[in-house]
Amino acid sequence: MAPSMLVRFLCRIYSVLLYAYPREFRLEYGGEMAQLFRDHCSHLARAHDRQRLIRFGLLSAADWLTTTIKERIASVWSAGRLHVKRNFVTEWALTILIYLFATTTLMQAYVVPTGSMEKNLMVGDHMLVDRLVYSDPGPLGAHLLPYREPQRGDIVAFLYPEDVRQTYVKRVIGLPGDRIRLENKQVIRNGHRLIEPYTQHVDESRFPYRDDFPTSPEFDTTPRGLDMFAHHITNGEVIVPPGTLFMMGDNRENSADSRYWGFVPREYVVGKPLFVYWSYDAPTRDLEQWTLTHVLDVAAHFFTRTRWDRTLFVPRSEAAQEQ
Amino acid sequence: MTKESTEPLTPPVFHILLALTGGECHGYGIMQDVAQQTNDALQLGPGTLYGCLKRMLAAGLVEESSTADHERRRYYRITTLGQRAARAEAQRLAEAVTAARSKRLLDRVKPSMAGGKS
């Protein structure tokens with residue numbers, strides 16, 4: 001992600017968060033606080049200091065948490081002293097609402113459970129997902145905020161269509177209308193061979209289903225995958241239907257993706273992975289659920305098994321070149 | 001210390017006053033100055049900074065100056081009362097350092113920090 005995009009994203013979040021302050025305080029200082037935040041973020045971004053930029057973001061988040069409460073208490077206190085009747089229940093409700101909004105709507109923590117996106121994302125990467133960028137802005141919001149549609153090459157988090165309780169992260173290969181097929185592990189999109197530097201190949205052998213997709217359904221094709229084979233193949237190519245995406249993992253021989261379970265409906269897109277805040281080397285089954293053994297394991301090996309060099313790693317969306 | 005009977009200041013307030021002792025300044029300038037004074041040990045977030053300024057305005061330690069730049073940022077200036085409070089706080093801190101030295105908690109001279117003798 002370009003630094004300016006990260007800055008824009010942080011400023012956008014921050015200006016929403018300002019609404020948690022009491023009204024008088026926000027009207028008096030909100031504008032200057034937002035400007036100070038923007039100034040410092042762009043200053044750090046110009047210096048290409050991503051670590052300090054994210055640290056400043058986290059510092060401001062902690063600062064926001066404590067000072068919103070402090071200013072709320074101060075405003076209730078002064079209201080009581082001045083005998084001004086104020087509906088502080090609504091005021092507090094607004095703050096709590098924004099807390100909930102911030103933690104559930106804007107961002108989401110996500111852990112990578114499998115190696116399907118290696119080498120870009122590793123098993124055990126804990127990251128934050130920007131939930132705003134691909135959300136449906138409505139007719140008005142589209143002009144106000146920089147929302148956008150998923151592009152080819154974007155890394156995207158989405159609900160697994162066969163089981164929406166799971167979130168997957170993969171790369172967008174096909175947009176609606178694209179014709180997709182594979183020939184000896186290479187993606188051919190709309191007749192053009194893709195050069196994809198982000199992929200990883202771990203297996204020399206050639207399986208027709210996996211490497212010369214689409215062939216014919218196999219035992220591990222899911223019901224939605226069967227539907228894709230039945231209705232969306234023309235002349236040996238998958239045609240991505242309207243309102244859906246064709247997703248693939250970067251670890252091509254080791255990824256359960258659209259080849260097996262079909263298209264991802266647009267409304268299942270959750271957001272865009274922002275950065276890895278903690279990367280811990282643990283097996284897949286421990287990452288899917290926190291068990292007591294996993295907690296003890298983290299406590300015992302936190303320093304040795306944390307992959308420190310991956311902290312603050314930003315997964316890169318990258319468009320493939322067409323040949 | 002009895003002659004200056006101001007209450008102890010919190011570290012953010014004290015460092016903001018220190019920053020303003022060098023001349024009037026806007027919020028962002030204060031934030032950078034405080035980070036520089038303390039070697040990044042004290043990083044004021046926007047909420048802390050403006051919360052403090054609000055209280056300091058109310059207490060009369062600082063005032064808004066009439067200067068405004070093209071970005072319409074407000075500038076703040078230290079008042080006489082603010083100077084007195086900052087001096088009293090510095091005095092308090094100096095006495096604390098003397099006390100710490102007498103208990104051998106601190107070296108008499110820190111070669112890296114003190115230019116001459118203590």
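In what order do the elements of chain B run from the N terminus on? The order is α-β-α-α-β-β-α. The model is predicted, and the legends below describe close-up views of it.

**View 1. Secondary structure and burial in chain B.** Chain B contains 4 helices and 3 strands. Of its 118 residues, 29% are buried. Among the contacts in chain B between residues at least 6 apart in sequence, 48% link residues at least 24 apart.

**View 2. Packing of helix H1 (residues 11-21) against helix H4 (residues 80-102) in chain B.** Two packed helices are described by the angle between their axes and the distance between the axes. For H1(B) and H4(B) the angle is about 120° and the axes are 10 Å apart. The two helices are therefore oblique to each other. Their crossing is left-handed. From H1(B), the contact uses B:Phe14, B:Leu17, B:Leu18 and B:Thr21, and from H4(B) it uses B:Gly82, B:Ala85, B:Ala86 and B:Glu89. Sorted by class, these residues are 5 nonpolar, 2 polar and 1 charged.

**View 3. The contact between chain A and chain B.** On the chain A side 16 residues take part, and on the chain B side 14 residues do. Helix H2 (23-46) and helix H3 (50-81) of chain A each contribute at least two residues to the side of chain A that touches chain B. That side of chain A consists of 6 nonpolar, 5 polar and 5 charged residues.

**View 4. Crossing of H2(A) with helix H2 (residues 27-37) of chain B.** The two axes come within 9 Å and cross at roughly 50°. H2(A) and H2(B) are therefore oblique to each other, and their crossing is right-handed. H2(A) brings A:Glu32, A:Leu36, A:Asp39 and A:His40 to the contact, while H2(B) brings B:Gly27, B:Tyr28 and B:Met31. The classes in this contact are 3 nonpolar, 2 polar and 2 charged residues.

View 5. Is B:Met31 buried or exposed? B:Met31 has 22 C-beta neighbours inside 10 Å, and because 20 or more are required, B:Met31 counts as buried. Leaving out residues up to four places away in sequence, B:Met31 touches A:Leu36 of chain A, together with B:Leu44 and B:Leu49 of chain B. B:Gly45 is 14 residues from B:Met31 in sequence, and their C-alpha atoms are 8.0 Å apart in space.

**View 6. Strand S10 (residues 244-248) of chain A and the strands paired with it.** S10(A) is mostly covered, with 5 of its 5 residues buried. In a regular strand the side chains alternate between the two faces of the sheet. In S10(A) both faces are covered. Buried residues on one side are A:Thr244, A:Phe246 and A:Met248, and on the other A:Leu245 and A:Met247. Strand S4 (residues 167-174) of chain A pairs with S10(A) in the antiparallel sense over 3 bridges. Within S10(A), A:Phe246 is the bridge partner of A:Gly174. S10(A) is also joined to strand S11 (residues 264-265) of chain A by 2 bridges, and these strands run antiparallel. There, the bridge partner of A:Thr244 is A:Pro265 in S11(A).

Note on methods. Residues are numbered from 1 along each chain as its sequence is written. Chains are lettered from A and ligands numbered from 1 in the order in which they are written. This is a predicted model: local features need pLDDT of at least 70, side-chain atom pairs count only at pLDDT 80 or more; totals for chains, interfaces and linings use all residues. Two residues are in contact if their C-beta atoms, placed from the backbone, lie within 7 Å. Ala, Val, Leu, Ile, Met, Phe, Trp, Tyr, Cys and Pro count as nonpolar, Asp, Glu, Lys and Arg as charged, and the others, Gly among them, as polar. Axes are lines fitted to C-alpha atoms, for helices over the stretch in contact, and angles run from 0 to 180 degrees between N-to-C directions. Angles under 35 degrees count as roughly parallel, over 145 as roughly antiparallel, 65 to 115 as roughly perpendicular and the rest as oblique. A crossing is left-handed if the near helix is turned anticlockwise from the far one by less than a right angle, and right-handed if clockwise. A residue is buried if 20 or more other C-beta atoms lie within 10 Å of its own, exposed if 12 or fewer, and partly exposed in between; C-beta atoms are placed from the backbone. Two strands pair if DSSP finds at least two bridges between them.
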